[in-house]
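Please look over the chain shown here. A short report on its fold follows.

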Amino acid sequence: MIRSNPVNIRKEKEMNPKDWQEHVIRELEIVEKLIDRKQEEYVKDEEDMLINFKKGGIFQGITPEQSLLGGLSKHCISVADMIKKVDNNYSYSLWQEKCHDIIVYQLLLLALIKEREETIGGDIFRKETNDI
């Protein structure tokens, strides 16, 4: 019995290095605009870009990083569900929206970690790869 390719790889177009670089630049420009828009929406008059995760951590009795993980998880689960149903032909703009939100959350996580290291000193999250 011959089975169809479950991965369904299309060979019509390949992304060469030049196309890849243009793609990355274009998407990062969109992410930068998204960050500006979200800053206006969520941070408002606050000086601290990370204040909502800090407040969320206090409210829940967890760290700001753990507070951030709740929002990030929601976006990752949404993308995972879309991937499982990739044949539903979601629009590229919907994929962008979901992926851009994840990128923003990852940048926020890095900012929280950087701030914590600078405040406390040292690499406080250092773990051996085997410990994760």
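The report starts with the whole chain and then goes through its parts.

## Overall fold

This is a predicted model. The chain has 4 helices and 0 strands. Along the sequence, the pattern reads α-α-α-α.

Of the 132 residues in the chain, 22% count as buried. Contacts between residues at least 6 apart in sequence were also sorted by separation: 61% of them join residues at least 24 apart.

## Helix H4

Helix H4 runs over residues 92-120 and has 29 residues. From first C-alpha to last, H4 reaches 42 Å, close to the 42 Å expected at 1.5 Å a residue. Just after H4 comes Gly-121, with a positive phi of about 95 degrees.

Which residues of H4 are buried? They are Trp-95, Gln-96, Lys-98, His-100, Asp-101, Ile-102, Val-104, Tyr-105, Leu-108 and Leu-112. The cover over these buried residues includes helix H1 (17-43), helix H2 (51-60) and helix H3 (64-84).

Leu-110 also lies in helix H4. Leu-110 is exposed, at a relative accessible area of 55%. In sequence, Leu-110 and Glu-65 are 45 residues apart. In space, their C-alpha atoms are 9.3 Å apart.

## The H3 and H4 pair

How do the axes of H3 and H4 cross? They come within 10 Å and cross at roughly 160 degrees. An angle over 145 degrees counts as roughly antiparallel, and H3 and H4 are therefore roughly antiparallel to each other. H3 passes H4 in a left-handed crossing.

On the H3 side, the contact is made by Pro-64, Glu-65, Leu-68, Gly-71, Leu-72, His-75, Cys-76, Ser-78, Val-79, Met-82 and Ile-83. On the H4 side, the residues are Leu-94, Trp-95, Lys-98, Asp-101, Ile-102, Tyr-105, Leu-108, Leu-109, Leu-112, Ile-113 and Arg-116.

The loop between H3 and H4 holds Asn-89. Phi of Asn-89 is near 55 degrees, a positive value in a residue other than glycine. Asn-89 is exposed, with a relative accessible area of 69%.

H1 has 27 residues. H1 reaches 37 Å from its first C-alpha to its last, close to the 39 Å expected at 1.5 Å a residue. Its buried residues are His-23, Glu-27, Val-31, Leu-34 and Val-43. These buried residues of H1 pack against H4.

In H2, the buried residues are Ile-51, Phe-53, Gly-56 and Gly-57. What covers them includes H3 and H4. Just after H2, Gly-61 takes a positive phi of about 75 degrees.

## Met-49, between H1 and H2

Met-49 sits in the loop between H1 and H2. Is Met-49 buried or partly exposed? At 34% relative accessibility, Met-49 counts as partly exposed.

What does Met-49 touch, leaving aside its neighbours within four places in sequence? Met-49 is in contact with Gln-39, Val-43 and Leu-108. Val-43 is one of the buried residues of H1. Leu-108 is one of the buried residues of H4. Met-49 and Leu-108 are 59 residues apart along the chain. Their C-alpha atoms are separated by 8.5 Å.

## Cysteines

How many disulfides does the structure hold? The number is 0. A disulfide is a covalent bond between the sulfur atoms of two cysteines. For Cys-76, the nearest cysteine sulfur is that of Cys-99, 9.5 Å away. For Cys-99, the nearest cysteine sulfur is likewise that of Cys-76, at 9.5 Å.

Cys-76 has a relative accessible area of 35%. Cys-99 has a relative accessible area of 33%. Cys-76 is also one of the H3 residues that make the contact with H4.

Key:
Residues are numbered from 1 along each chain as its sequence is written. This is a predicted model: local features need pLDDT of at least 70, side-chain atom pairs count only at pLDDT 80 or more; totals for chains, interfaces and linings use all residues. Side-chain values use heavy atoms; hydrogens and water are left out. Helices (H or I, at least four residues) and strands (E, at least two) are DSSP runs, numbered from the N terminus. The expected span of a helix is 1.5 Å times one less than its number of residues. Buried means under 20% relative accessible area, exposed over 50%, partly exposed in between (1.4 Å probe, protein chains only). Contact means heavy atoms within 4.5 Å. A disulfide is a pair of cysteine sulfur atoms within 2.5 Å. Axes are lines fitted to C-alpha atoms, for helices over the stretch in contact, and angles run from 0 to 180 degrees between N-to-C directions. Angles under 35 degrees count as roughly parallel, over 145 as roughly antiparallel, 65 to 115 as roughly perpendicular and the rest as oblique. A crossing is left-handed if the near helix is turned anticlockwise from the far one by less than a right angle, and right-handed if clockwise.
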